[in-house]
Structure formats: structure tokens, C-alpha cells
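Please look over the structure below. The report then goes through its packing, its surface and its charged pairs.

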Amino acid sequence: MEPGTVVWRDTAQALLRHKWLIVGCILLGIVGASFYSLSQTERWTASSQIVVGPAVPPALVGKLPSGTDKTGPLGMDLPAETQARVIASPALLREVAKSLDLPTDDDAVQSLATVTRVKAVTDNAYLITTDGPTSEEAVRRANAIARVYLAQRTTEAKGLLTTLAGQAQDRSKTATAQSRSLVAQISEALARNDTQTAAALRDQRVGLATEARQAADEAAAMRKALSGVGSGSELVTPATKDTAMSSPKVLRDIVVGAILGLVLGFGLALLSTHLSPFVLTRDQAANAAKAPVITASVGRRRFWSRAAPQLPPSELTALGAEASGALARREINPHGAGTSGAAALLVVSASPTPNSAGIALAMAEAGARDGRETLLVMADLTGAPVLSHVTDHEGLTDLVSEPAPTRAVRARKLFRPGTVADLYVLPPGLAKDETALAVGPSLVPGIVADLPPGYSVVIHGPASVGRHGITPLAAAVDASVLVVQVGHDKDTDVSRLTSALAFAGAPVLGVVLVGASPHDETLGIPLNYKPADRSTSALPIR
């Protein structure tokens, strides 16, 4: 299987396992967006578009004196972005407020400026957008801003042309007066026979006359241009009620909130899966135990409780039978432990759970039904009993006081009939003092070693890895089967116990997973798991 396939498969399984978390995040996003949208003040938005021409005709620009101010607040030489800022400035909006009979105090004008946006579409086209409490008011404001700007631009352009025309006319009059004053000076020079001075004065008079005519022509051209000022500026797209947009948009906000909730749910699901220290999937259980999941029960992961739910006897029997059948496959159990060649298996849980005892009983029953004499050793001395008919009988803890030479004979006398033919049970016993509980598990290797040939042994042991835990029982078996509940800690519960079993000589052959998700339909075999060589010889018969 390609690694990419595994990643997408794991991702899909993680999302399916956390489907209610994702649904909850979506609902949270919808509720939050609805609350935000409905709590907003209702407003309407309208837009108008204007096109402006130059304030001063281009043909007159070159004729203006170099010292003349050609710009001004609404002059033709301002950049488009600057003009856009001028349109949305409080100075212009104050005039708009006056024209609409709105308050003109600083706060009201600033409030209007806050909801007004102007964008320079091109060098001479502007889009004016503003908000209003109603659609009619928004349309009225957008159109008023456009008209006031165009009118004020035209007024200031006409005022600029009028001022410039007056300045040109004054220059013409001054040049004419200076030209006339030179006539007397020329006559005096001629009277003195100073022809050179008279010629210079004549040239100066001609220059002044020329300047006077040019200034007069410029003044006339500017007065004529007054009639055309503003002809290139107009409101090309006035705002209308039909084009006004309402805000808030509840449906849009709900859709956005749902999308954000979906993204949040996906993120939390993936984060929980990859950062969680607990076993959530079959692959995680197999990787933590370094052994394949040979069978699993479908259940529900409870985030608030890591306790394993008690499975019904029928499901425990099915799990034990399926586990026994899986061990019969040589690719999973190359040594043949627990199959037709009699051997000893240890069934242990990654943490205290009532299910492991039922699975051990079911596996022992499966071996007995196959025609092998099978002994079930109930070595979990503090666990809940699964066979009520042997709970009051002497057993493992009662052998602590028995002398070693007679212990094997006494142990066989303590065997009780199991639930099926050829199945025998060694109960925990009646002694409950601390010495018996501590020493009892260490007697199991000797009892198993003294069994007659042909016996198959299944031992159900405690989950602790302490001083009186797995090590004595692991010495009595060839291999082990690990019962893992979804929610067990991968490192503390599963990997630590697996390492302890391998160190004690009882490697884990397979995992029985309790509480697997129905969406986790994988084999549970790690990618790096390779079946052992089929030619490996079976373990010796006890």
C-alpha cells in the first residue's frame, strides 16, 4: 500500500471518528455567525460613479504664467488617489450634510466620513460608496456626494479661471499703460537727436504692446472657457434603490460561519488524532504492541471515560474463538503456539478490565472444542471472576502453603471442570492474605511444567508490570495475547507492557482490540510487519 493512501485513509478515519465534534463546530460557527449578524446595526449601501474632466482646459495651461497656482483643492493636476481622498474628506462631506439637511457638527461629519468609501477606477472615474440607515437614505447620500463634488469642482474651476482672466487683463492694462508712457520718452530722445535711445525705446514699446495683446487674448480665452467648465464631468451611474445592498447579510454570515466551523472541526479532529497519546485505531494498537490486531469488537469511544465497558458473554465468546482461529494461521503465529501443538498462552490486558478474563475463557473453550485437553489458569488473583461455579473452591493461592514435592499432585486435584468438555480450570483460590497474593503467580511455571504431555494451557494474568506482575507468568508461557481497550495510553499502557512481555520471553502474537470504531475498517497490521519464515519449527509440546 502506498504511503499516500495510508495518510488519506487515516485522515478520513480520523474525521469519521470525530464526526460529532465536526458537527458541533459547524453548529457553533452557525450560532456564532447568526448572533454576530443579527446583533449588527442594519445599514444599507449604495454606490454611484462619476467621470470628471479637467478643471482648466488643457489649451490654457501652457499660457498661464509660471508663478500662477494651477492646482488648488480641486485642481486638474492632482493625482486620482488624491482626488478620491478629497471626495471622502470631512470638508466636502460637511457641504453634503448641509445639502441633505443633516447635522453638520464634527461628530456627525466624521460619522459620515467613516461610512464613505471612494475608489479611483481610472484616472478620471471614481466610484463613490456610502452607507445609510435605509436604502433610500443610502441612495440619497451617494448621489449627493457625487453632485456636491462635481458642483464644487465646477465652482472652484470657474473661480480659478475668473481669477486668472482678471490677472491676465491686469497684465494687459499694465503693459498698455507702460507702452503709452514710452511715447513721450521716444519724442524727447528724437529731440536730442539720440537716435540710439529712441530705437531702443521703440523696441521696448513694441514688446509691451505685444505682451498687452497676448494678455488680452488670454483673458478673452479664459472668459470664453468659463462656459465650458464642467462639461466633461458628470454623474454617469447614479445610485438607485434597486442597486442598494443591505447589511448585515444574515445568510452570507451563516454560510461563512458554517465554513469556518467546518475548518475548525477538521483541524481539531486531526489535531486530536495526531497528538492524542491514547489508542484510537487498529493501526495505532498494532504499532504500539508491535503485533497485528487479530480480532476486534466494535464499540464507541467515550472521551470522558477510559474504563472498558463490559462486553456481553456472546461477544466475548466470539472474540475468543476468532482470536484462536487467527493464531492457527501460520503467518501470524509461525511458532504454532496455542494451535494443534500444545503450548501455553498468556492472555493479559493493558489495564484492569473485566473483558480479558472472558476472552481468556473463550480461547480456552475454543482449544477444548478442538479436542485438546486445556487448562485455564485464573492467575488474576484480584480480578473479577468469570466462572461462578469455581469462585468458592481452593486454587492457586492455596498452593502457597503446600510443600514443593507434593504441590504438582495437589494442584491437579484442585482442577475443576470447565464450561465445556476437556476444559479444566485452576481457580484463584480462597487464600487472600498478602503473602498468598504475592507468591501465587510465581507457582504457575512449576504447575504448567508438571502437567502431563498434551495439555494446552491458557493463563489469564493481571495487567500490572510491577514486582509481582507479569514476569512470573511470562516464564510459564510461550507467547501472549494482549487485550487493548480503545483509550489506553499507547506508551504507558500498551508499549510498556509489550516490552515487558517480550523481555520476559512471552512475545505478543496478536492484539484483541475492544471498542474499535466501525469506520476503522483496516487490517490492523503495521506497514513494517513482515510474517516470519514459514519454515520456522513449532515450539516443543509440553
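The sections below cover nonpolar cores, a surface patch, salt bridges and one serine.

## Nonpolar cores

This is a predicted model. Its largest nonpolar core has 46 residues. Ile459 and Leu513 have the most contacts inside that core. Leu513 touches Val279, Thr281, Arg282, Ala285 and Val293, among others, not counting residues up to four places away in sequence. Its contacts also include Thr295, Ala296, Ser297, Val484 and Val486. A second, separate core has 29 residues. Leu319, Leu361, Leu376 and Met378 are among them.

In soluble globular proteins, nonpolar side chains tend to be buried together.

## A nonpolar surface patch

Some leucines sit on the surface. Leu21, Leu264, Leu268, Leu271 and Leu275 form a nonpolar patch there. Together they have about 440 Å² of accessible area. Helix α9 (residues 250–275) gives the largest share of the patch, four residues.

Leu268 lies in helix α9. Its relative accessible area is 35%, so Leu268 counts as partly exposed.

## Salt bridges

The structure holds 13 salt bridges. One of them joins Asp131 to Arg117, with the closest N and O atoms 3.1 Å apart. This pair links distant parts of the chain: Asp131 is in strand β3 (residues 125–132) and Arg117 in strand β2 (residues 116–120), 14 residues apart. Asp131 is buried, because its relative accessible area is 7%. Arg117, at 38%, counts as partly exposed. A network of salt bridges links Arg43, Arg117 and Asp131.

Glu136 forms a salt bridge with Lys241, and here the closest N and O atoms are 3.0 Å apart. The two partners are 105 residues apart. Glu136 belongs to helix α7 (residues 135–191), while Lys241 is in the loop between β4 (234–237) and β5 (245–247). Glu136 is partly exposed at 44% relative accessible area. Lys241 reaches 52% and counts as exposed.

Helix α7 also holds both Arg141 and Glu137, four residues apart, about one turn of the helix. They form a salt bridge, the closest N and O atoms being 3.1 Å apart. Both Arg141 and Glu137 are buried.

## Ser495

Where does Ser495 sit? Its place is in helix α17 (residues 490–503). Is Ser495 buried or exposed? Its relative accessible area is 18%, and the cut-off for buried is under 20%, so Ser495 is buried.

A polar atom of the Ser495 side chain lies 3.2 Å from the backbone oxygen of Ala288. Ser495 touches Ala288 and Lys490, not counting residues up to four places away in sequence.

Definitions and conventions: Residues numbered from 1 in each chain as written. Predicted model: local features only at pLDDT ≥ 70, side-chain atom pairs only at ≥ 80, totals over all residues. Heavy atoms only, no water. Helix = DSSP H or I, 4+ residues; strand = E, 2+ residues; numbered from the N terminus. Buried < 20%, exposed > 50% of the residue type's maximum accessible area, 1.4 Å probe, protein only. Polar contact = N/O pair within 3.5 Å; in protein donor to acceptor, adjacent residues only side chain to side chain. Contact = heavy atoms within 4.5 Å. Core = buried A, V, L, I, M, F, W, Y, C linked by side-chain atoms within 4.5 Å. Patch = residues over 30% accessible without salt bridge, like charges linked within 9 Å, V, L, I, M, F, W, Y side chains within 5 Å. Areas by Shrake-Rupley, 256 points an atom, 1.4 Å probe, with all protein chains shown as cover. Salt bridge = Lys/Arg side-chain N within 4 Å of Asp/Glu carboxyl O.
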